[in-house]
Amino acid sequence: MFLLVAAVKQQYNKIVAELIDSGFSVTDHFMSAAEVRALVDEAHRLFEQGEFRHARVGTGEQLTKAPEIRSDRIHWIDPLQISHTQQPYWDKLGELKLAINSELFLGLFEFEGHLALYPAGSFYGKHYDRFEGTAHRVVTAILYLNEGWQHEDGGLLRIYLNEDESEYRDIEPLGGRLVCFITERFLHEVLPANTERLSLTGWFRVRPLQDEHPFVSIN
Ligand code: OGA
Ligand code: MN
């Protein structure tokens, strides 16, 4: 038990060190194969029950369906109703948040997240995760839920490392893999997936100042 706790702590420390070093971090086996399988089954159940909808872009009145920008379907997770299946991931995110806060002093406060299902042929064009109305997003965290993903399946996450977009890193959406990055720093996109692609994507946010507007609903 003690060894297990130490190994998990090491995982958090590695993520924090990479965030400090390069602003992004990729960790395999963040969740076990069994935990991933349970999340996949639950996501499919929710999808069949009609609990996913077309993702939109923008906020407030500008919120529109924009299939030329993104064609995934999403299901927002209600933080007050975390399922038994989601709980282990939520618990780990809570510990990761503490580890990040203790080193980076970002004052992360809460996590908002959604399941994202990309039917075959779907993609998400170049974008930043921070736009008007979402200034409180500080760290992006994406857990991939694709067991047995093959290179031919496409669906790479492409993170641009410099302004002129000449340097980038491609990341395969392998089941159990966690990608974290400092939200405001990286332009990124999801290249077309040739087969269904599933993830649990979210953001650690800071608490708004008292005189600021409350959170607006976003996607
Ligand atoms: C997003 C996003 C990346 C991915 O949902 O904002 O960029 O690899 N997702 O799923
Ligand atoms: Mn994004």
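A: Strand β13 gives the largest share of the lining of the largest cavity, four residues. Helices (H or I, at least four residues) and strands (E, at least two) are DSSP runs numbered from the N terminus. This is a predicted model, where local features need pLDDT of at least 70 and side-chain atom pairs count only at pLDDT 80 or more, while totals for chains, interfaces and linings use all residues. Residues are numbered from 1 along each chain as its sequence is written, chains are lettered from A and ligands numbered from 1 in the order in which they are written, and side-chain values use heavy atoms, leaving out hydrogens and water.

On a 1 Å grid over the protein atoms alone, a cavity is a set of points where a 1.4 Å probe fits but cannot get out; a pocket is an open set with protein on both sides within 12 Å along at least five of seven lines, and lining residues have an atom within 4 Å of a point. There are two cavities of 30 Å³ or more, and the largest holds about 210 Å³ of space. Of its 21 lining residues, Y118, Y124, H127, D129 and T201 lie nearest the centre. The elements giving two or more residues to this lining are β6 (108–118), β7 (124–127), β8 (137–144), β12 (188–190) and β13 (197–206). By class, the lining has ten nonpolar, six polar and five charged residues (Ala, Val, Leu, Ile, Met, Phe, Trp, Tyr, Cys and Pro are nonpolar, Asp, Glu, Lys and Arg charged, the others, Gly among them, polar). Y118 turns up again in another contact: the charged end of R197 sits over its ring, 5.0 Å from the centre. That label requires NZ of Lys or CZ of Arg within 6 Å of the ring centre and within 35 degrees of the ring normal.

Now for the open space. The largest pocket has a volume of about 330 Å³, and its 13 lining residues include V5, V8, K9, Y12 and E95, which lie nearest its centre. Helix α1 (2–21) gives the most to this lining, nine residues, and α3 (87–104) also supplies at least two. In α3, Y89, W90, K92, L93, L96, A99, I100 and N101 are buried (under 20% relative accessible area; exposed is over 50%, partly exposed in between, with a 1.4 Å probe and protein chains only). Y12, Y89 and W90 belong to one aromatic cluster, together with F30, F111 and F204.

On to the aromatic rings: the whole structure has ten aromatic pairs. Rings of Phe, Tyr and Trp (its six-membered ring) pair if their centres lie within 6.5 Å, with planes under 30 degrees apart called stacked, over 60 edge-to-face and the rest tilted. F24 and F186 have ring centres 5.7 Å apart and planes at 85°, so they are edge-to-face. This pair links distant parts of the chain, 162 residues apart: F24 is in β1 (residues 24–27), F186 in the loop between β11 (178–182) and β12. F24 is buried at 8% relative accessibility, and F186 is buried at 4%. W76 and W203 make a tilted pair, because their centres are 6.4 Å apart and their planes at 40°. That takes us back to β13, where W203 sits, 127 residues from W76 in strand β5 (residues 73–76). W203 is buried at 4%, whereas W76 is partly exposed at 24%.

Definitions and conventions. Points joined across faces, edges and corners; volume = space filled by probe spheres on them.
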